[in-house]
Amino acid sequence: MSLTALFLYVVWLYIPPYSAYFIGDDYVQFWRIREFVEAPLGSYRVFDPLWTDWYYRPLQNLWFLANRLVFLLNPFGYYYLQLIFHLLATALVFNLARKLQLTNFFAFLATLIFAAGGMHQLTVGWISSIGNIISAVLALAAIVSYLTYLQHPQKKHLLLLVTLFIISGFFSHELSIIVPIFIVALRFIWPQIKRLEILEAITFLSWLIFVVIYILAQMTRPNANISASGLDKDLILSAFSPANQLGFILASIAHWFNFELSMLTEFQVLDLTVLELLLGILLFLIL
């Protein structure tokens, strides 16, 4: 009953006041899939990394194509189908919380924070961000499926299901690349850990192969946003420096907790913020 009430609240919360309009980059999305509107059978081409120099998000392109064919140019259907996927992600968060052995109360609280967070307004209420929602659903589904496998190791088919979710995530958003890394880390901190089985090891190896292929495809395909050509090794190595890595962590924290990064950069010490230094010390102690 409480989850049903939460779903109704989320539907009310995210009803966009502009549901009769497309906004921002929405028009760019339609321009990208325009060639398939009259010939949708040719849409398999979106899986070709060389098909476009825009983001490599085939599932996002197929989503827009399917919505364009069904809802035409009426934004109402786009927004509310996207909202349904957010509700699916919300249900998976509750499932995940319960599998992590949280009580019903704390599982519901975690789900509420995820479902109704203010930072989601831009995502759930903007159809060009559908790649984020699709990738979130696939990531949560992969993690929940893997936790189910850990609890029921005899269900070997779940490893294949997790693999399918992970690969599908690669086709929805670039950040999905962290999902297999997270799951492998989860495997080795799971309290009921047992010896790694051969099938699991083979599965993890397949994920590594997919990650390498994905990175190579992203680095070699045409990209209107970034070009790897002409980059010298010092510039590439600097991206992996502790300062830049900590900066990435800070930016991620700022994004997910919905506050301005400038709040953390008021005090500078040797070009590093106080929080960056503290994070560096913490990482040093952990490692």
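On one side of helix H9, Ile-178, Ile-181 and Ile-189 are exposed (over 50% relative accessible area with a 1.4 Å probe, protein chains only; buried is under 20%, and partly exposed lies in between). This is a predicted model, in which local features need pLDDT of at least 70 and side-chain atom pairs count only at pLDDT 80 or more, while totals for chains, interfaces and linings use all residues. Residues are numbered from 1 along each chain as its sequence is written, and side-chain values use heavy atoms, with hydrogens and water left out.

Let's stay with H9 for a moment. This helix (a DSSP run of H or I with at least four residues, numbered from the N terminus) covers residues 178-189, 12 residues in total. From first C-alpha to last, H9 reaches 17 Å, close to the 16 Å expected at 1.5 Å a residue (1.5 Å times one less than the number of residues). Its buried residues are Val-179, Pro-180, Ile-183, Leu-186 and Arg-187. Seen down the axis of H9, they fall within an arc of 120° (taken from the directions from the axis to the C-beta atoms), so they line one face of the helix. What do the buried residues of H9 pack against? Their partners are helix H7 (130-151), helix H8 (157-170) and helix H10 (198-220), with contact meaning heavy atoms within 4.5 Å.

Now turn to the surface. Tyr-9, Trp-12, Phe-105, Phe-106, Leu-109, Leu-112 and Ile-113 form a nonpolar patch there, with about 760 Å² of accessible area together. Helix H1 (2-13) and helix H5 (104-116) each give two or more residues to the patch, and H5 supplies the largest share, 5 residues. Trp-12 sits in H1 and counts as exposed because its relative accessibility is 59%.

Finally, look for charged pairs. The whole structure holds 5 salt bridges (a side-chain nitrogen of Lys or Arg within 4 Å of a carboxyl oxygen of Asp or Glu). In one of them, Glu-174 meets Arg-57, with the closest N and O atoms 2.8 Å apart. This pair links distant parts of the chain, 117 residues apart: Glu-174 is in the loop between H8 and H9, and Arg-57 in the loop between H2 and H3. Arg-57 is buried at 10%, whereas Glu-174 is partly exposed at 24%.

Another salt bridge joins Glu-197 and Lys-156, with the closest N and O atoms 2.5 Å apart. Glu-197 lies in the loop between H9 and H10, and Lys-156 in the loop between H7 and H8. A further one brings together Arg-32 and Asp-53 at 3.6 Å, N to O.

Notes:
Patch = residues over 30% accessible without salt bridge, like charges linked within 9 Å, V, L, I, M, F, W, Y side chains within 5 Å. Areas by Shrake-Rupley, 256 points an atom, 1.4 Å probe, with all protein chains shown as cover.
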